[in-house]
Each structure stands twice: as structure tokens, then as C-alpha cells.
Amino acid sequence: MKRKKTYSPNVIIGFVITGAMLLLILIGFIHTPYDITKMDSSAKLAAPSLRHLMGCDNFGRDIFSRVLKGMGNTFVIASATVAIGTFCGVIVGAFTGYFGGLLDEVLMRVNDVVFAFPSILLALVFVSIFGTGKYNVIGALGIAFIPSFARIVRGEFIKYRDMDYVKSARLAGVGPLRMIFVHILPNTMPVLMSSVMIGFNNAVLAEAGMSYLGIGVQPPSASLGSMLSESQTYLFSAPWYALFPGLMIILMVLGLSLLADRGEKYIRK
């Protein structure tokens, strides 16, 4: 008799939260109730209402519209960041883990030096040299995320490279590239996917932190981090100004954290 597959409450909550966040992001890409740059002097710091679901900011701009656009910007930046970090990290980790030797020593020593610095600090240095803006933030965070993915993939390749099926494939004449990308890499996917979700969460927080400091997404574009920065003066007079951007950051991170936790449990099994 087949055992019925069950899901833990954390997984269900994670899927629901992540699905809701993706839906809001999609809506923001397609349509927003108001132009995010439109100012209304009569609605400055207006409280949440049917007209403005999340209230208005100190310029009279609709917070709900800006949150939708800000979530979209954060999602794009975090996704591009993780894509760069994963792609480059997989290449570095796969080749160093499979071949070892001098290549491993040189690349991993460089990787260790970069890994020793917090990713946000490396991103700040990058942005201070090349300037602010969305694309520079993506490049900065993408480079900063490479070492963590490289270390994870390298560890997996070291574990698999001496297994019997790999040795058999070598004896059968399978080339190194096919061995790396066809025979070993697919087996690293469970660990890698869990790491990607955790990396996405870190990228969301890093982007929000950089925008909060004013070196991320630049006005008039919306960012959850910059909205939090703008709202700190009005925490008591208009708490909704900070509440909703902050809540969206928490939910974006929480949803994937619950799913990543399930992935880690699956790996341990």
C-alpha cells in the first residue's frame, strides 16, 4: 500500500506566502493603481483607506503602488544577483572540485580571500568605485555571492568525484566536461537549490540594505529599502509608511526560508 504523501505546515505556509508575493510582484509589473511618481499635496501622509490601501508617503504618493514596484525591483535585482553568483560559483566550484591540484589551490585561495569579507561590504566597495544604480548593485552583489556558491559546489564535487559510477564513466571514456555537467552536477541539485533559495533571501536583504543607505535603486524608482529610509522620520506620525515596506521584506524572506528549510531536511534524509 502506497503511503500518502504529506506536507508539513511550514511547507504549506511557505508556498502560500511565496505564491502571494509572486502574485503581487506580477501585478506590479502589469499595473499599479497610481503612478509611483505622482505627488498629491492634499494626500501627504494620508492614512490607509479604500482610496489608498496602504496610505500615502510624505510626498502624497500612493504607498501601495510604490510597494508593488519596489517588490518588483527587489525581485529582479535579487534574481539577477543569484543567477550571476550561481552560474559563476558553479563553474568555479565544479572545476576546482573535480580537477583539484593547482587549479583548486589558486582559485580557492582567491575565493577564500573574497569570502572573508561580508558580501554587503564587497558590494559597497564595488558601488563606491563604479557608482550607484540598479545594474551596478546587481553586478556588485552578484560578484559578492560567487564565493559561497563556489564553496558549496566544490564540496559536492569532491564528495562525488571518487564514487564508483564516476570511476566507471571514466573507464568508459567519458570526457571531463561531460562528466562534470552530465554525471556529477545533477546530483548536486538538491543542495544547490536549497542554497539558491537562501541566497535569494540574502540578496533581498542586501538590496534593501543598500537602497536604505541610498546607494541602491535610485529615485524616482521605488525600492522597499529606500522607502524604509524615507519613512524613519515619520515612525510615530505615520507608522504605516514604514510598516508595509518592512512587512513585504519580511514576507519575501520568510516564504522562501520555510521552503529552503524543507529542502535542507530533504537533503539530510
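Me: In which helix is the place of Glu-156?
Reply: This is a predicted model. Glu-156 touches Thr-188 and Val-191, leaving out residues up to four places away in sequence. The place of Glu-156 itself is in helix 5.

Me: Is Glu-156 buried or exposed?
Reply: The relative accessible area of Glu-156 is 11%. A residue counts as buried under 20%. Glu-156 is therefore buried.

Me: What distance separates the C-alpha atoms of Glu-156 and Tyr-34?
Reply: Along the chain, Glu-156 and Tyr-34 are 122 residues apart. In the model, their C-alpha atoms are separated by 48 Å.

Me: Are helix 4 and helix 5 parallel, perpendicular or oblique to each other?
Reply: Two packed helices are described by the angle between their axes and the distance between the axes. Helix 4, residues 119–130, packs against helix 5, residues 134–160, with the axes 8 Å apart and at an angle of about 140°. Roughly antiparallel would require an angle over 145 degrees, and roughly perpendicular one of 65 to 115. Helix 4 and helix 5 are therefore oblique.

Me: How many charged residues does the contact of helix 4 with helix 5 have?
Reply: On the side of helix 4, the residues that meet helix 5 include Leu-122, Phe-126 and Val-127. Among their counterparts in helix 5 are Leu-141, Ile-143 and Phe-145. By class, this contact has 10 nonpolar and three polar residues, and the number of charged residues is none.

Me: Which residue has a positive phi although it is not a glycine?
Reply: Most residues other than glycine have a negative phi. In the loop between helix 1 (9–30) and helix 2 (63–99) there is a leucine, Leu-45. A positive phi of about 55° is found at Leu-45.

Me: With which side chain does the side chain of Ser-223 make a polar contact?
Reply: Ser-223 lies in the loop between helix 8 (189–212) and helix 9 (224–231). Ser-223 is buried, since its relative accessible area is 0%. Not counting residues up to four places away in sequence, Ser-223 touches Gly-70, Glu-207, Ser-211 and Val-217. The polar contact, at 3.2 Å, is with the side chain of Glu-207.

Me: What is the relative accessibility of Thr-86?
Reply: Thr-86 lies in helix 2. Leaving aside neighbours within four places in sequence, Thr-86 is in contact with Phe-149, Leu-192 and Val-196. Thr-86 counts as buried, and its relative accessibility is 15%.

Conventions: Residues are numbered from 1 along each chain as its sequence is written. This is a predicted model: local features need pLDDT of at least 70, side-chain atom pairs count only at pLDDT 80 or more; totals for chains, interfaces and linings use all residues. Side-chain values use heavy atoms; hydrogens and water are left out. Axes are lines fitted to C-alpha atoms, for helices over the stretch in contact, and angles run from 0 to 180 degrees between N-to-C directions. Helices (H or I, at least four residues) and strands (E, at least two) are DSSP runs, numbered from the N terminus. Angles under 35 degrees count as roughly parallel, over 145 as roughly antiparallel, 65 to 115 as roughly perpendicular and the rest as oblique. Contact means heavy atoms within 4.5 Å. Ala, Val, Leu, Ile, Met, Phe, Trp, Tyr, Cys and Pro count as nonpolar, Asp, Glu, Lys and Arg as charged, and the others, Gly among them, as polar. Buried means under 20% relative accessible area, exposed over 50%, partly exposed in between (1.4 Å probe, protein chains only). A polar contact is a pair of N or O atoms within 3.5 Å; within protein, one must be able to donate a hydrogen and the other to accept it, and residues adjacent in sequence count only if both atoms are side-chain atoms.
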